[in-house]
Amino acid sequence: MEIFAKNLIYLKQDIVSKGHCISQMIDYLFDNNLIDSKEDFTKAVFDREEIMSTGIGRGIAIPHGRSKCVKKLSCVFMTLKKDIDFDSIDGDPVKIVFMLAIPDNANNEYMKILGQISKNMRENEQRDALIAVSTFEEAYQILKGIEDDF
């Protein structure tokens, strides 16, 4: 299953807040024709955030939403110029964000993806490598390694 795409990798983005981060990532999904409605997907993502923050700790956040406006299971990957507060479970600011766009008809495949990203990001080596990348190609190769574990 292909979940990461080079055109959805954004490095060292100048983001100032959790809301700005989520909004920017949703714009990227919309601009790449992966969602039909920014409004519907924004609602899905923020409804999920209200249940519990998707800041999973160790500088990582995985905001996600499930909606009928999502055309294809997709992931936007972003590293940040400056850490931001994401209401993370460990209280630490976030440096790396994965946003999953989940179609309504996706069964539990997205849970496997969430789990695999979380598992890989627990490893300091993987996290540090993603923070240090300077090219899209470097990021893509690391992300493909995570994807190969799905």
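View 1. Met52 is partly exposed, with a relative accessible area of 46%; buried means under 20%, exposed over 50% and partly exposed in between (1.4 Å probe, protein chains only). This is a predicted model, in which local features need pLDDT of at least 70, side-chain atom pairs count only at pLDDT 80 or more, and totals for chains, interfaces and linings use all residues. Residues are numbered from 1 along each chain as its sequence is written, and side-chain values use heavy atoms, with hydrogens and water left out. Met52 belongs to the loop that links helix H2 (38-51) to strand S2 (55-57). Helices (H or I, at least four residues) and strands (E, at least two) are DSSP runs, numbered from the N terminus. Together with Ile51 and Ile89, Met52 makes up a nonpolar surface patch with about 350 Å² of accessible area. Accessible areas come from the Shrake-Rupley method with a 1.4 Å probe, and for residues only the protein chains shown count as cover. A patch consists of residues with over 30% relative accessible area and no salt bridge, where like charges are joined within 9 Å and nonpolar side chains (Val, Leu, Ile, Met, Phe, Trp, Tyr) within 5 Å. A salt bridge is a side-chain nitrogen of Lys or Arg within 4 Å of a carboxyl oxygen of Asp or Glu.

**View 2. Glu125 and a patch of negative charge.** On the surface, Glu125 gathers with Glu123, Asp128, Asp148 and Asp149 in a patch of negative charge. Asp and Glu count as negative and Lys and Arg as positive, while His and the chain ends are not counted. The place of a charge is taken as CG of Asp, CD of Glu, NZ of Lys or CZ of Arg. Glu125 is part of helix H4 (residues 124-132) and is exposed, its relative accessible area being 70%.

**View 3. Asn33 in a loop between two helices.** The loop between helix H1 (18-31) and H2 contains Asn33. Phi of Asn33 is near 60°, a positive value in a residue other than glycine. Most residues other than glycine have a negative phi. Asn33 is partly exposed, with a relative accessible area of 48%.

View 4. With a relative accessible area of 48%, Asp87 is partly exposed.
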